[in-house]
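Open the model in your viewer and keep the sequence panel beside it. This tour goes from stop to stop, saying what to select and what is there.

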Amino acid sequence: MKVILAKDLLAASDRVAAANRALFRQRGVLALNIMGSPGAGKTALLEATLPRLHPRYGCAVVEGDIATTRDGERISALGVPVVQLNTGGACHLDASMVARALEDLPGAGRLLFVENVGNLVCPAEFDIGTDRTVVVFSVTEGPDKPEKYPLAFQKAHAVILNKVDLLPHLDLTLEEFQKVLEQCAPGATVFPVSARTGEGVDAWCQWIEAQLAAQYADPRQREE
């Protein structure tokens, strides 16, 4: 019987993730891994973001879902290239899945959004080769989630605190949420956002533009 050690599988996955990153450098792409719980508003955030950035930079989306194509259909309706990845039960995307999706997105703009499968556990444990990790967290999930699922928040470069338009109906204030996030996501930039109303989306888009500019400020980062 052949025994395959988990560490060997992870090492192989890391090599594919590194190859994805190299491809992004070659194409001059900034890739963002969008994580969050089901219902946090990941797709809604993309629907608010893409019309602002796609005309200027060209965007593409890899949509991760266990079974359906609903989110991919929502993105496709915006006229943005999208590849739907159905994991068939797996709770996260891996680097190999993303690599296969990239084969169908040649030269599809300078911003790639990878919407990972909805949960705050597994997606945080796998490097898929993206440049930035973003956690979408809604105020309706409650302030305890960052403490219960710390890894996703510790890895985040940015946290989208979504659905802030619902705060008047909750017992907690924006400041209380921000205090929790400052403790659980040290170094991450926090954006209070309502994907539904558009509040805060411009600031989030400006952050993405700044990340793209910073990524390629050194011309050696882009391999022609």
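**Stop 1: the disulfide**

Select Cys91 and Cys122. A disulfide joins them, with 2.5 Å from S to S. Bear in mind that this is a predicted model. Look along the S-S bond: the angle about this bond is -90°, and the link of Cys91 and Cys122 is left-handed. Now trace the chain from one end of the link to the other. Cys91 sits in the loop between β3 (82–86) and α4 (95–102), while Cys122 sits in the loop between β4 and β5. The two are 31 residues apart, so the pair links distant parts of the chain.

Cys122 counts as buried, at 17% relative accessibility.

How many disulfides does a search of the whole structure find? It finds one.

**Stop 2**

Select Cys184. Cys184 is in no disulfide, and the nearest cysteine sulfur, that of Cys122, is 19 Å away. Cys184 is buried, with a relative accessible area of 13%.

Cys205 is buried, with a relative accessible area of 4%.

**Stop 2: the largest core**

Select Leu32, Phe113, Trp204 and Ile208. These have the most contacts inside the largest nonpolar core, which has 28 residues. Next, colour the elements that build this core. β1 (30–36), β2 (59–65), β4 (111–115), β5 (132–138) and β6 (158–162) each supply at least two of its residues, and so do the helices α2 (42–57) and α8 (201–215). Which element gives the most? α8 does, with six residues.

In soluble globular proteins, nonpolar side chains tend to be buried together.

The list is Leu32, Ile34, Leu45, Thr49, Phe113, Val134, Ile160 and Phe191.

**Stop 3: along α2**

Then show the side chains. Lys42, Thr43, Leu45, Leu46, Ala48, Thr49, Leu50 and Leu53 are buried in α2. Follow the helix to its end. Just after α2, Gly58 takes a positive phi of about 80°.

**Stop 5**

Select Lys163, in the loop between β6 and α7 (174–184). Lys163 has a positive phi of about 65°, although it is not a glycine. Lys163 is partly exposed, with a relative accessible area of 24%.

Select Leu170, also placed in the loop between β6 and α7. Leu170 is partly exposed, at 31% relative accessible area. Which residues does Leu170 touch, not counting those up to four places away in sequence? They are Val139 and Thr140. Draw a line from Leu170 to Thr140, C-alpha to C-alpha: it spans 8.0 Å, though the two are 30 residues apart in sequence.

Now move to Thr130, in the loop between β4 and β5. Thr130 counts as buried, at 10% relative accessibility. Beyond neighbours within four places in sequence, Thr130 is in contact with Arg21, Phe24, Ala31, Leu32, Asn33 and Val114.

**Stop 4: the whole chain**

Zoom out. The chain has eight helices and seven strands. Its radius of gyration is 17 Å, close to the 17 Å that the globule rule gives for 224 residues, so the chain is as compact as a globular protein of that length. Along its principal axes, the C-alpha trace spans about 55 × 50 × 35 Å.

Colour by burial. Buried residues make up 48% of the 224 residues.

Methods:
Residues numbered from 1 in each chain as written. Predicted model: local features only at pLDDT ≥ 70, side-chain atom pairs only at ≥ 80, totals over all residues. Heavy atoms only, no water. Core = buried A, V, L, I, M, F, W, Y, C linked by side-chain atoms within 4.5 Å. Buried < 20%, exposed > 50% of the residue type's maximum accessible area, 1.4 Å probe, protein only. Helix = DSSP H or I, 4+ residues; strand = E, 2+ residues; numbered from the N terminus. Contact = heavy atoms within 4.5 Å. Disulfide = S-S within 2.5 Å. Rg over C-alpha atoms; globule rule 2.2 N^0.38 Å.
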